[in-house]
Amino acid sequence: MDLLDLIDAAQSVADGLLFGSTYALLGIGFTLIFGVMHKINLSYAAASIGAAYGSLLLLSGFTAAPAVIVFMAAALCGGVIGALVYFIGFKFIPVANPLATLMSTVGLLLLIDEIIVHTTEGVPLAYPALYSDVVVRLGQFMLRGDLMFVFVLGCACMVLFLLLLYRTRLGIATRAVSQQPIASQLCGISILQVNVLTFVVTGMLGGIAGAMSGAAIGMLSPLLAQPLTVKGLIVTVIGGLGSIPGAIIAGLIVGALESLFQFLRGVTERDLYIMMLLFAFLVFRPGGIFAKAPGRD
Amino acid sequence: MRTIVCMLVAVAALTAGYPQAAHGQVRAKAAVTCVSAGQVLEYDCTIRLANARSGEPLSGLTVSVGADMPSMPGMHNVRAVKATEQAEKGAYKVRLELEMHGDWAVQIDLRGAVRDRVISMLRFEEADVTDVKPSSGRRGH
Amino acid sequence: MDDYLVSVLSNIGVISFVALSAYLLLLTGEISFGQQAFFAIGAYAAGMATAMWGWPLALGIAWGAAVGAACAVSLGIPTLRLRGLQFSIATLAFAEMVRILFELFRYQVDIDGEPVGPNGTDGFRSIRYIFDHNIETFDFMMLIYTMLAVTLAGFMLLERSRLGVIFRMIGEDATLASLQGIAVARYKVLAAGIAGALAAVGGGLYAHLTTYVEPRTFDVMLGVHSLAYGLIGGLGTALGPLLGVVIDVGLLESVRLFAGYRMIIFGGLVALLLIFRPRGLLDERLVNRIGRLFRNAISGSTRTGRGSR
Amino acid sequence: MLDVSELVTTYGKIEALKGVSLHVAGGKITCLLGPNGAGKTTLMMTIAGILRPRRGSIKLEGAELVGLSPAKIVSRGIALVPENRLVFPEMSVRENLLAGAYQRRDKSEIAADMERMYARFPQLKERREQLAGTLSGGEQQMLAVARALMSRPRVLLMDEPSLGLAPLIVAEIFDIVAALNRDGTTMLLVEQNAHMALKVAHQFFLMEQGRVTFQGTPGQLAEDEVIQRAYLGTRRAG
C-alpha cells in the first residue's frame, strides 16, 4: 500500500468516525433502555427513522425550514413515538416473560417500518443535507461539512444527555431504578415515571440520530431501519449491555471500521467484517469493551 | 437425530415415484418492459416470450404473471393475473398493481404447449421501470 | 384448485418449516433471530444439487438438510455459553454473515448453453427441477404438506418423549436441568442441529417452489417473522407456529381487504396479542386443558362402552 | 402513630400475612421479632407499599396508606431501610443521599440535611464521592439509614439492620438506633438479634407464621422465652 492509499484509508476512517456518532446515539438509546428495564427495545432504530420521517411530515407545510427546526421536530417526534412504544410494547406486557417484551418490540418494529413504507409507497424522500457544500481541507485531508455537522451535533447531544443523567434529579432517579428498582421505590421514585421519561429521552436521541443519518446520506428510506437496528445492536453489545461510555466508544469504532472496510473491501463485504467483529466479541468477550469480568452475565 | 432420519426416508419415498431427468424440454426466455399506467403503483407490462434456444417466439400460451418482493419472501406478493396475447407473435400484455415501489421479482408462468416459469427482476419506481442491476448499492449506511 | 390458492398454501407450508425451526429453539428457551440462515443454506445446497449436479430432488433436499444441520451444530458450539439476548444477537450476526457470504458466492456451471448457479447478489436462478420433471404445482404442494405432516408427527412424538421433556426442562431453567444431571450443552446442540435441518428442508422446498432465490430473501425480517409465528400461534404445541403462519400468510395475505395494510396489522397484532397472551394463542395452559378434555372424553366413552356391555 | 390492622398479604395463593394487627407508638422504638418465614419482611414491604395487601388497613395518624403508591407513602412520612441495605452500588454516597430526598423539592433544606447526615455518620462524609458499592457492609448500612432519613420520615422502618455485620458494627448500629430515637424518631425495627433488640425496644411484638402471637414490653416475658420464640417459634404439641 503506498502513501496515497494510506491517506485515502485514513480519510475513510475519519469519515466513518464522524458518521459513527449516529451509531453512538443509537447505542446509547438501546443501552439505556436495557439498563433501566433489562429489556431490549428492538423497535428503537425503526422509531428513530420514523421520527425523522415525522419531522418531514411536521414541516411539510414550510419550504426550506432551517436546520435547527428540522432537528427539533425530529426530536419531538422521537419523544412522542418513544412514549407510544412504551405504552404499547412495554407497559402492559407481563414483566416475568422476557420473550414477550422482545417480541412486542419486534411487532412494533414491523409496524413502524410498514407504516413508513405505506405512507411513502417505498419511495426514498430527500432529506435536507446540511453544510454539504462546506469542505474543510487539512493538507491532504478533507473533512466533509455535512459529516462534521452530524458529528458535532451528535457530540452535543451526548454531552447534554450525560449532563442530564449525571447532574439532574431525573438522572439520579434513572440510574437508581436501573441499579436497584426496589430501593428506588423506597426512596419515593416512581418507576413508571422513570420508564416513560427514559423512553421519551431515548426517543428524542433516536429522532436526532435518525435525522442525522438522513442528513448525512441526503435522503430517508424505510430500508434504513433494518441496517440501523443491526448496527445499533452491534454497538450495544460491543460496548457492553447497559454501559453508556461503552456505547459511545463502540459507536465511533464501528463507524470508523465500517468505513475502513468499505474502502478496503467494498460495500458488500463491509458488513461481513463488522459481523465477524461482533461475533468475536460475543464469543470471546461477551461483556463488551469495558466488561468487568468477562463471561459473567 | 431420529426425526431427521425419518424425514429423509419420507422425502426419498415421496420423490422416488417421479420420472427422472427429462432434459431437452423447451425452455422459455422473456423480455419484460413495463411503463407506468398513469395510476400510482399500476404498470402496463409487455412480455415477449421466446424459445430460449432457438429464439423463436412462443405464442398460444396461457400466461399468468405474479410478482413478489425478494426481500420479503411470501409477503407482499401480488396475486397472479392472466396476460392477454397480442397481435405481435409471442407478445403478451398485462397490468400489474403493486403494493410499493422497489425491486420486484416478476414471475411469469407459462402453460399450454410449453410449461415453464421465467423470473424477471425489475425495479419499479414512480416514473420508470428498469432492470435490476447487480449490486446497485441498495444499502447505504 | 385455483393457482393462487396453491401458491398461498405452498408458501404457508414452506414458511412453516422455518417457524417450526424457531419454535424448537424457543422450547429450549433460546430466541434465535438467525434461522433464516439455515433456510438459505438449505435453499442454496438443495438448489445446487438438483440444478447443477443433476441430483434427484429427494437427495438434494436431504443434502440441504444435512448441510443445514452441520452448520447449525458448528454455530451452536461456540454460542452455547451465551444466554438470552447475547445468544439472539449472535444468531443474528451469524445469519447476516451467511447472507453476505451468499452475496459474494459465485459458482456457475454451463447447462444447456446457459450458466446456472449462484451468482452473487443476482441470486440463484433456474432451479427448474419441477419444470424439467413435469411436476405440477399442486403435486409439489402435496409434497410440501406430506413432509410437513411427517415433521409435525415427529414433533408430536418429541412432545411425548423423554427428549421433549428434557428440551422443555432446559427451556424452563437450564441451571436446574443441569443439576438434575442433564447434559444441557449436548441437548442444546442437538436442538440447534435439528432446528437447522428443519429450516434447511424448508429452504430446499422454497428454492424449488419459486425456482429462484437471492441473498436478500434471507434477511433478518424472515427470521423475525418465523419467531413471531411461534409467539402468535402459541408455544404450547407445534401446531402453534403453524397457526401463526396461517394467520399471517393465509388470512392477512389472502383477504384483499387487508391488502397492503397486512404487515401493519401483523406488527400491531404481535405487539398487542402479547399483552393478553404472552405465550401465544395456543399456550401451554390451553393445550393442557384441551388435552385433558380429550382424555376425559376418551376415557368417558370407554367407560360407558364397558358399562353397556 | 402507625396502626396496622387485620392485614392480609398473599403471594399467589399463599398467605404470608394472615391478619396482622399492631400499633407503633410515637417517639418509641417498636421491635418485631420472630423466626424466619414469619412474615416480618412481608409486613415491612406491605407498609412501604411495595406489596399490595389483600385486606386490612394501615393508618398513619389516622390517614389510610393502603392503595397509595410507594412514592406517595414516602411523601406521607414513612421510610424503610430494606433488608440487605440495597444501596445504589454505582452511585456515589452523595448521590445515594440525594436519591433518598427524591420526594422533596426544598433544595437548601436538602443540603442542610445532607450536612446533618455527614455530621452523624462521619465515615460517610469521608467517602462522599466514593461509589456505594465499594463501601464496607457497616458503612453501607449507615448509608441506607441516612438515605432513608433524607426523606424526613415520621416513622422509620428498619428491616434487619444487623444482618451479616460483625458484632462490633452491630453494636454501633444499635447505638445509632438509640440515638435516632433520642432525637425523636419513631421506629419499627425488625430484628433477628433478639438480645440486642430487647435492649433498645420500648415495646415488642412476636410474629409467627403470619400472625402476631405476643405483644408487650421487654421484661414482661423472660428473655429466654422471647429468644426461644423469636428464633424457633412456639413449640406446638404434636
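Which residues of chain A form a nonpolar patch on the surface? In this predicted model, the patch consists of A:Y131, A:V134, A:V136, A:L138 and A:F141, with about 420 Å² of accessible area together. Such nonpolar patches join Val, Leu, Ile, Met, Phe, Trp or Tyr side chains within 5 Å, from residues with over 30% relative accessible area and no salt bridge (a side-chain nitrogen of Lys or Arg within 4 Å of a carboxyl oxygen of Asp or Glu). Areas come from the Shrake-Rupley method with a 1.4 Å probe, and for residues only the protein chains shown count as cover.

Buried here means under 20% relative accessible area. Just after helix 2 of chain C, C:G54 takes a positive phi of about 70°.

In chain D, D:R104 sits in the loop between helix 3 (93-100) and helix 4 (107-120), and is buried with a relative accessible area of 10%. Its side chain makes polar contacts (N or O atoms within 3.5 Å, one able to donate a hydrogen and the other to accept it; residues adjacent in sequence count only if both atoms are side-chain atoms) with the side chains of D:D106 (3.4 Å) and D:D113 (2.7 Å).

Residues are numbered from 1 along each chain as its sequence is written, chains are lettered from A and ligands numbered from 1 in the order in which they are written, and side-chain values use heavy atoms, leaving out hydrogens and water. Local features need pLDDT of at least 70 and side-chain atom pairs count only at pLDDT 80 or more, while totals for chains, interfaces and linings use all residues.

How values were computed: Patch = residues over 30% accessible without salt bridge, like charges linked within 9 Å, V, L, I, M, F, W, Y side chains within 5 Å. Helix = DSSP H or I, 4+ residues; strand = E, 2+ residues; numbered from the N terminus. Buried < 20%, exposed > 50% of the residue type's maximum accessible area, 1.4 Å probe, protein only.
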